[in-house]
Structures are given as C-alpha cells and as structure tokens.
Amino acid sequence: MSESTFMGVERDRIDWSPRIDFTKCNDCMDCVKFCPHQVFDVDENAKPKLSVKNPNNCVVFCRACAKTCGPDAISFPDKPETTKMIKAIRKAEKEAAKNE
Amino acid sequence: MSELRCVLPCNGLDKCAGDLSRRAALELAQSENAALICPVLLNQNRSRYEKVLADANLTVIDGCNTRCASKLAGDLELSINDKVNVSEVAKALEIKLGVDIQESDDNRAVVQAVLAKINSSAADQAESEFIEPEAVEYNSFSHGKFIFKVPQNNYFFNENDCWVTVSGKMARVGVSDYVQQNLSDILYVDPPEIGDEFEQFDDLGSIESSKAVFEIVSPVSGTVVAVNTSLNDAPEQVNESPYEKGWLVEVKLRDFSEDQDLLHDCPAYFEFLQRKVTEIDV
C-alpha cells in the first residue's frame with residue numbers, strides 16, 4: 001500500500017495532476033517556483049525543459065499553479081468527475097471490507 | 001423564540017375558498033405570536049394596524065387567484081414576508097373546492113395544508129440564518145515550535161485543510177489553523193462572488209500572504225450567500241481566529257449529507273493533521 005492517501009484512497013489511484021499545453025508554455029517556470037510539492041521538474045537539456053515528474057505529489061483538488069500560469073498552459077482533470085471516482089473507490093472498498 | 005406574525009386573509013365570505021382562508025387565519029391567530037388583520041378595516045384605516053405591521057412579519061392568505069389580500073397589501077406598500085393561496089394548495093392536493101361553503105374532510109385537509117405550508121416556510125426562514133456557535137472549544141498539539149488547534153466538535157474538514165461548520169441549511173467555510181500558520185501573515189483575501197454556485201472541491205476564492213497564495217477548496221457544494229467583509233480591513237483575523245472571526249464565506253448548502261462522505265469530523269482531522277505535520281516539515 002502506498003503511504004500517501006486522499007480520504008483513505010491511495011494517492012496513485014487518483015488521477016489528479018497538472019497537464020501542460022506545450023503549445024502555450026513559454027518556459028517561464030513560474031509554476032516550478034510556485035509549487036512547494038516538487039510536482040514539476042526542469043531539465044535544461046531536455047525539450048521541453050518542463051515536465052510533471054511527480055504527479056502523485058500534487059495535492060488533490062489544488063489548481064493553484066494553473067492560476068499562476070500567465071499563458072494559461074496548465075489544466076487539470078474535471079473536479080466533479082474526480083470526486084465521483086474517489087467516492088466510487090471508497091464505496092467499493094467499504095463493500096469489500098464488509099464481505100471479508 | 002418564534003417571531004411575531006400578523007395574518008392578512010382573504011375576505012371572501014361568500015365562497016368556499018374565502019371561508020377556508022378565514023378558517024386558516026383564525027387557527028393561526030390562536031397562537032400568542034400571531035395577530036389578525038381585518039382586510040376591510042386595514043383598507044379603511046391603516047393606522048389602526050401600524051404598530052402590529054411594524055413589529056410583526058406579514059403572512060398573506062389569498063383565497064382564489066383574484067388575490068385581493070395580496071393586492072391590498074401591495075397597494076398599501078406593505079412588505080409581505082410569506083404568502084399562501086388556498087386555491088393553489090387545494091389544487092396541489094387534487095381537491096375541488098367548489099363555490100358553496102361546506103364542512104367536509106377535504107376542506108379541513110386544505111386548511112391543515114395551508115397551515116403546514118405557512119409553518120414550514122417559517123421554519124425554512126429560521127434555518128436560513130447562520131447562527132454563530134456560542135463558544136468553540138479546542139484541542140491542540142505541538143510540533144516543533146508550532147501549536148496547532150482543532151475545534152473539538154461541530155466542524156468538518158476536507159484534506160485540503162478547509163473547514164465547514166453548519167447551522168441549519170447554512171454554513172460557514174474557512175481555513176484551518178494549519179493553513180494560517182503555514183502562510184503566516186495573511187495580507188489579502190480574494191472572496192468569491194455572492195450568488196456563485198459551486199460544487200464540493202471547487203475553489204471559493206483565495207487568501208494570500210507574503211509567502212504564498214492559498215486556494216480555498218470548498219468542503220461543500222452550495223451557493224455563496226455572504227463573504228466576511230470585515231476581512232477587507234483586517235485580514236489578520238484569519239491568523240488570529242481562523243475558526244471563528246476569520247471565517248471566509250457563508251454558503252447555502254445543497255446536499256451536506258452527500259458532501260460529508262468526503263469530510264473528516266474534528267477527531268479525524270486532528271489525527272490527519274498530526275500525521276501531516278510530521279510528514280511535511282512545517
């Protein structure tokens with residue numbers, strides 16, 4: 001079991017992390033400076049330089065980096081869909097625990 | 001204590017709908033918190049009711065869709081707190097009132113439904129007011145040089161460290177002590193718009209310190225009804241009193257029992273936060 005969870009659901013089962021639109025990204029790296037959770041990584045030799053290296057470090061439902069992004073190159077999954085999915089996993093786990 | 005009420009009924013004495021309005025009004029007037037207003041005398045000499053109209057909330061009972069009582073109140077520019085139409089209540093119950101005045105089970109049922117409607121809307125209004133808790137009691141734990149406080153009860157938290165406390169259908173949302181200590185001095189609160197509808201986990205504005213911007217991730221779904229305007233001049237209240245004076249947004253709840261599925265109560269959040277601060281170096 002992974003150590004990190006959100007409402008009891010293992011973090012790696014929740015698809016929540018920034019998506020970067022590289023047609024808009026201008027390499028300013030404001031998101032990297034902003035995010036305190038080391039979600040992003042910069043590799044000066046790579047192209048593009050920016051990557052989402054640790055998606056599971058991203059705080060579920062936080063979209064703050066997208067707001068700091070001037071060219072609006074960062075998007076996130078749909079919140080209500082994500083909420084629904086987390087609830088479904090929790091429900092399935094509760095049922096499974098009951099049947100054990 | 002319930003609020004004072006005055007009742008202005010239809011005066012159609014010659015028809016069934018008018019008769020039922022009169023009967024509902026008389027029943028309401030049995031309560032010591034209610035006063036009757038005679039529409040004929042009101043129309044003739046408004047000053048007779050000036051005091052009761054000033055002190056009490058006006059409930060209007062119309063008999064039929066001519067709505068004489070509502071129109072009279074409108075002509076006199078009285079502010080109507082609540083109104084019921086006997087004919088519409090009967091229609092909803094699929095009862096035909098007819099013209100003649102008569103005593104029947106159907107008619108008694110209509111009177112009871114009119115009374116129930118008036119009483120339930122009074123209850124709704126009482127619930128639509130956020131009543132502040134008298135005194136909040138806290139548990140705390142320390143981590144390094146920090147001491148973190150969490151209320152003992154009546155607050156719910158998401159794992160984004162935002163809280164909600166509920167009063168009837170209303171609730172207030174704010175950030176936990178952990179957030180305010182992490183951000184240190186809050187300099188600016190960016191509130192959502194009043195009237196905004198939002199889902200659970202949508203953002204409800206943000207707060208900003210010299211260190212960072214923190215997005216308020218809503219613990220509930222609902223509609224924004226008020227924002228804490230005292231924070232415009234004194235955002236430091238979020239630091240000084242994160243669970244009470246530093247509340248951020250007042251909301252009308254949509255489905256709290258559904259939202260609660262993804263919230264922690266106070267003891268669970270207390271444990272969650274203890275784990276969190278040991279994992280993250282605050």
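Predicted model: local features only at pLDDT ≥ 70, side-chain atom pairs only at ≥ 80, totals over all residues.
I count a residue as buried if 20 or more other C-beta atoms lie within 10 Å of its own, as exposed if 12 or fewer do, and as partly exposed in between, with C-beta atoms placed from the backbone. Residues are numbered from 1 along each chain as its sequence is written, and chains are lettered from A and ligands numbered from 1 in the order in which they are written.

**Entry: chain B overall.** I looked up the secondary structure and found 11 helices and 15 strands in chain B; helices (H or I, at least four residues) and strands (E, at least two) are DSSP runs, numbered from the N terminus. Of the 282 residues in chain B, 36% are buried.

**Entry: helix α11(B).** I checked the length of α11 (residues 266-279) of chain B, whose 14 residues reach 20 Å from first C-alpha to last, close to the 20 Å expected at 1.5 Å a residue, where the expected span is 1.5 Å times one less than the number of residues. Its buried residues are B:Tyr269, B:Phe270 and B:Leu273. They cover an arc of only 105° around the axis, which puts them on the same side of α11(B); the arc is that of the directions from the helix axis to the C-beta atoms. These buried residues pack against β5 (138-143), β6 (146-151), β7 and α7 (177-183) of chain B, whereas the face turned away from them carries the exposed B:Pro267, B:Arg275, B:Thr278 and B:Glu279.

**Entry: the sheet and B:Gly222.** I traced an open sheet of six strands in chain B, in the order β7-β8-β9-β15-β14-β11, with antiparallel pairing; two strands pair if DSSP finds at least two bridges between them. The edge strands β7 (156-157) and β11 (197-198) of chain B each have a single partner strand, so one side of each is left without a neighbour in the sheet. Five bridges join β14 (residues 222-227) to β15 (residues 249-253) of chain B, and B:Ala226 has B:Glu250 as its bridge partner in β15(B). I then looked at B:Gly222, which has its place in β14 of chain B and is buried, with 26 other C-beta atoms within 10 Å. Its C-alpha atom is separated by 5.6 Å from that of B:Phe198, 24 residues apart along the chain. Leaving aside neighbours within four places in sequence, B:Gly222 is in contact with B:Phe198, B:Val251, B:Lys252, B:Leu253 and B:Arg254.

**Entry: the side facing chain A.** I found 12 residues of chain B in contact with 12 residues of chain A. On the side of chain B that touches chain A, strand β13 (residues 213-217) of chain B gives the most, with three residues. The residues of that side divide into four nonpolar, two polar and six charged, where Ala, Val, Leu, Ile, Met, Phe, Trp, Tyr, Cys and Pro count as nonpolar, Asp, Glu, Lys and Arg as charged, and the others, Gly among them, as polar.

Key:
Contact = placed C-beta atoms within 7 Å.
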